[in-house]
Amino acid sequence: MPNVTRTSHPQPLILIATTERWRRQELSSVLTEGGFRVTTAIDERETLEQAQAQSPQAIVVDVGVAPPGYGLCSTLRTVSLATPIILIVPGEVTRAEQLEAFRAGAWAVLGTPLDADALLLHIVVLIEPKLELERVSEECLVDRVSGLYNPSGLTRRAGELAALATRQGLALTCAVFRPDAKLPNQAAGDRLALAFKSVGRVSDALGRTGKTEFTVFAPASNTWAAARLVRRMTESVEREFGSLREGNKRVGVRAGYSAALAHQISPATLLTRARHALESPGASK
């Protein structure tokens, strides 16, 4: 069978849900030969678990998984509205079955015996919008000007670092930086963002959390290490940023930070504490 996938994703993942072993083997073979990766489920519970854990690009559901199958379609829609669901019904598809399936949230309904080429082409056409949505979502995690994480991207990455630090019993630091004077224009804020980008460490999560606010989450950093991090980044950014002045005053960087064992505090609370520290009279300058 020719490979008919023409998607922007190298190997999209398809979830196959059916109680019939021979059907799983048939569908897995067809989809694998078509250039897809496959994961399978044999009942309603496993289908929902796989849909949540694996985030497949499409789901192929046999009505026999949870007779008559339409309720499962409705539930799967609550997991992800953007994930195409293809429902397989025994025999020729009737108009009543089509309408019921569409009401439940299926994107397509196919009868048996299956036409392998039709199944593949349905999947290719249906998953392209989802793949494009995933691509755009990934792009939206990054500030376009500086390449730093934006607030959404930083939240996600900070959660990953917190989970890693928790498993290893390590501390996590959050530091927040802002200029100590109002910048004259947007271009100056972008220059400052690029300065932060140039001095960030690969091991840390560094984001632009405001036009002129920058936040870093650093794993395995206690309070002493956090103070060193803040001092290093402040000096490096001010040096990289150059000689921008507001009136007769050279613009510098203020910082506040907070550190704690990762299992004791959430990244969001660390960020709140770091902002409070920044706004306190003793904030580093």
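Strands E7 and E8, the latter spanning residues 214–219, pair in the antiparallel sense over four bridges. Within that pairing, Gly207 sits opposite Thr215 of E8. Please keep in mind that this is a predicted model.

E7 and E8 belong to an open sheet of four strands, in the order E7-E8-E6-E11, with antiparallel pairing. E7, residues 205–208, and E11, residues 253–261, are the edge strands; each has a single partner strand, so one side of each has no neighbour in the sheet. From one strand to the next, the twist averages 15 degrees.

Now the helices on this sheet. Helix H8 lies across E6, E7, E8 and E11, and runs at about 155 degrees to E11. Helix H9, residues 267–279, lies across E6, E8 and E11, at about 40 degrees to E6.

Is Val230 buried or exposed? Val230 counts as buried, because its relative accessibility is 3%, and the cut-off for buried is under 20%. Val230 and Val176 are 54 residues apart in sequence, while their C-alpha atoms are 8.8 Å apart in space.

Five of its five residues are buried, so E1 is largely enclosed by the rest of the structure. In general, side chains in a regular strand alternate between the two faces of the sheet. In E1 both faces are covered: Leu13, Leu15 and Ala17 are buried on one side, and Ile14 and Ile16 are buried on the other.

Which strands does E1 pair with? One is E2, residues 37–41, in the parallel sense over five bridges. Ala17 stands opposite Ala41 in E2. To get from E1 to E2 the chain passes through helix H1, residues 21–33, and this β-α-β crossover is right-handed. E1 also pairs with E3, residues 58–62, again in the parallel sense, over four bridges. There, Ile16 has Val60 of E3 as its bridge partner.

The last stop is a loop residue. Thr83 lies between helix H3, residues 70–79, and strand E4, residues 85–88. Thr83 is buried, because its relative accessible area is 6%, under the 20% cut-off. What does Thr83 touch, leaving aside residues up to four places away in sequence? Its contacts are Pro56, Gln57, Ala58, Ile59, Trp107 and Lys130.

Note on methods:
Residues numbered from 1 in each chain as written. Predicted model: local features only at pLDDT ≥ 70, side-chain atom pairs only at ≥ 80, totals over all residues. Heavy atoms only, no water. Helix = DSSP H or I, 4+ residues; strand = E, 2+ residues; numbered from the N terminus. Buried < 20%, exposed > 50% of the residue type's maximum accessible area, 1.4 Å probe, protein only. Contact = heavy atoms within 4.5 Å. Pairing = 2+ DSSP bridges. Axes fitted to C-alpha atoms, helices over the stretch in contact; angles between N-to-C directions. Right-handed = clockwise from strand over helix to strand, strands pointing away.
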